[in-house]
Amino acid sequence: MGEVVKEVLPNGVTLLIKPTVGPGIVGFNLFIRGGITDEELPGVTNLTTYLLLKGSKNFSKEEISAAFEDFGGFISASTADEYGQIEFLTKVEGLKKGLTVLRDILLNPLFPQEDLEREKKNVLTAIRSKMENPFKFAYLELKKLTFEGTPYSRDPLGDEESVKRVTVEAVRERWKNLLKGQRFVVSLVGDVGDIRETLKLLKETFKDIPTGEFNYPLFERKIETSQLKEIKREGSQATILCAFNAPHCWSEYYPAGKLFNAVLGDGFTSLLFRELREKRGYAYATTSFYPTGVNMPRLFTYIGTAPQKAQRALEDMLKVTQEYPFGENDVEIAKRKLIGDWLMDHQTRLRQSWYLGWFETIGLGFEMDFKFTDPIRGTSYREVLEVREKFVDSLHHCAVVKP
């Protein structure tokens, strides 16, 4: 495993390079801090990030794609709650051309009107599609409840009304606001050989990004009273999603929180699967997830079941999450699963690049990528129990969607 080289440019851009040895593949991720946390018009960040690939002063959208596809790779853009992202995969011999294109994308984007209108239609279709998906619809409704009053209550895509209001001027203004050195984290993992030459290429690519500070806005909204939100809609299934307080990623209980989530809802051996599906036959699908982020940590649980079973399924899911016993062996199994999943997800250079950049972006530092499994291994059974006692306790927000 190569040692990571980190350098922060005078304008605030953070560069990370991890050399590897192999068939000449390079995985690259650019994270732009902010995401929807500081956008004023919902959905504008998503559209702005996507439109960066639709043409620049010196490259058409076809030429932008070809610069990576000609080497068997690709380039894509997306937006999450806390960051925008551009990633690409290419061969070493295509890296210089790819970075030349990327530089022009960032400094000289065109934001064509016709592409904006086309993408707005695509986003509106995607928003309506989410409304047709029981899980996605319920999750959005739960986010509105548990993150009420913060940007996290929204979908990164925005809503139909806000997307329709996005103009080229709004996109240009958003990009002007995003184009600040301290927002940028660059992560490259690949078979680059000479790190000095690669570092020189990255410096050339990002040296002219305007200097500018950025700090994530901080939101604190713990679950202090239990609330249930019921939504009626057409369909044949009841979808139940609940949110619980959870340790922050800077908490000493973060590794134990990850393990509790794995014990609770990761796979066929998990508590939720055994109790709700195998023993009670509520549904085939039940799980839990515990996203890592800058603000308002939550543990989520999910089950889909028949409408007539919804009330009992909700009650039992809360009991399993907050009360049901589990043993030391459950924690040991969870450790093996969690560490195994972690290692499996690091198989490609692109994913290695993503993790390094993401940890740096949210403030934990790229070093966390190499340290993550150690505290997992060292976490005790008692600490996992304490996660339930100290955080999950008896409070919850739940969304129940049924006919």
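Student: What's the handedness of the crossing of H3 and H8?
Tutor: The crossing of H3 and H8 is right-handed. Keep in mind that this is a predicted model.

Student: At what angle do helix H3 and helix H8 pack?
Tutor: The angle is about 20° between helix H3 (residues 95-107) and helix H8 (residues 195-206), and their axes are 9 Å apart. Angles under 35 degrees count as roughly parallel, and H3 and H8 are therefore roughly parallel to each other.

Student: Which residues in H3 and H8 meet?
Tutor: From H3 you have Leu95, Lys96, Leu99, Leu102, Arg103 and Leu106, and they meet Thr198, Leu201, Leu202, Glu204, Thr205 and Phe206 in H8. By class, that contact has 7 nonpolar, 2 polar and 3 charged residues.

Student: OK, other helices. How do H1 and H7 lie to each other, roughly parallel or roughly perpendicular?
Tutor: The axes of helix H1 (residues 44-51) and helix H7 (residues 168-178) cross at roughly 85° and come within 9 Å. H1 and H7 are therefore roughly perpendicular to each other.

Student: And what makes the contact there?
Tutor: H1 brings Val44, Thr45, Thr48 and Leu51, while H7 brings Ala170, Val171, Arg174, Trp175 and Leu178. The contact of H1 with H7 divides into 6 nonpolar, 2 polar and 1 charged.

Student: Switching to pockets. How much space lies in the largest pocket?
Tutor: About 1000 Å³. The largest pocket has 42 residues lining it, and Lys258, Tyr290, Pro291, Thr292 and Trp358 are the ones nearest its centre.

Student: Which elements supply at least two residues of that lining?
Tutor: Four of them are helices: H5 (134-146), H9 (254-265), H12 (328-344) and H13 (349-362). Strand E9 (286-289) and strand E10 (298-305) each supply at least two residues as well.

Student: How do the lining residues divide by class?
Tutor: For the largest pocket, 23 are nonpolar, 7 polar and 12 charged.

Student: What about the second largest pocket?
Tutor: About 370 Å³ of space lies in the second largest pocket. Its lining has 18 residues, with Lys222, Ala246, His248, Met296 and Pro297 nearest its centre. By class, there are 9 nonpolar, 4 polar and 5 charged residues in that lining.

Student: Now cavities. How many are there of 30 Å³ or more?
Tutor: The count is 2 cavities of 30 Å³ or more. About 60 Å³ of space lies in the largest cavity.

Student: What lines the largest cavity?
Tutor: Its lining is Ala262, Val263, Thr269, Ser270, Leu271, Arg274, Asp330, Ile333, Ala334 and Lys337. H9, helix H10 (271-279) and H12 each give two or more of those residues.

Conventions. Residues are numbered from 1 along each chain as its sequence is written. This is a predicted model: local features need pLDDT of at least 70, side-chain atom pairs count only at pLDDT 80 or more; totals for chains, interfaces and linings use all residues. Side-chain values use heavy atoms; hydrogens and water are left out. Axes are lines fitted to C-alpha atoms, for helices over the stretch in contact, and angles run from 0 to 180 degrees between N-to-C directions. Helices (H or I, at least four residues) and strands (E, at least two) are DSSP runs, numbered from the N terminus. Angles under 35 degrees count as roughly parallel, over 145 as roughly antiparallel, 65 to 115 as roughly perpendicular and the rest as oblique. A crossing is left-handed if the near helix is turned anticlockwise from the far one by less than a right angle, and right-handed if clockwise. Contact means heavy atoms within 4.5 Å. Ala, Val, Leu, Ile, Met, Phe, Trp, Tyr, Cys and Pro count as nonpolar, Asp, Glu, Lys and Arg as charged, and the others, Gly among them, as polar. On a 1 Å grid over the protein atoms alone, a cavity is a set of points where a 1.4 Å probe fits but cannot get out, and a pocket is an open set with protein on both sides within 12 Å along at least five of seven lines; lining residues have an atom within 4 Å of a point. Grid points are joined across faces, edges and corners, and a volume is the space filled by probe spheres set on the points.
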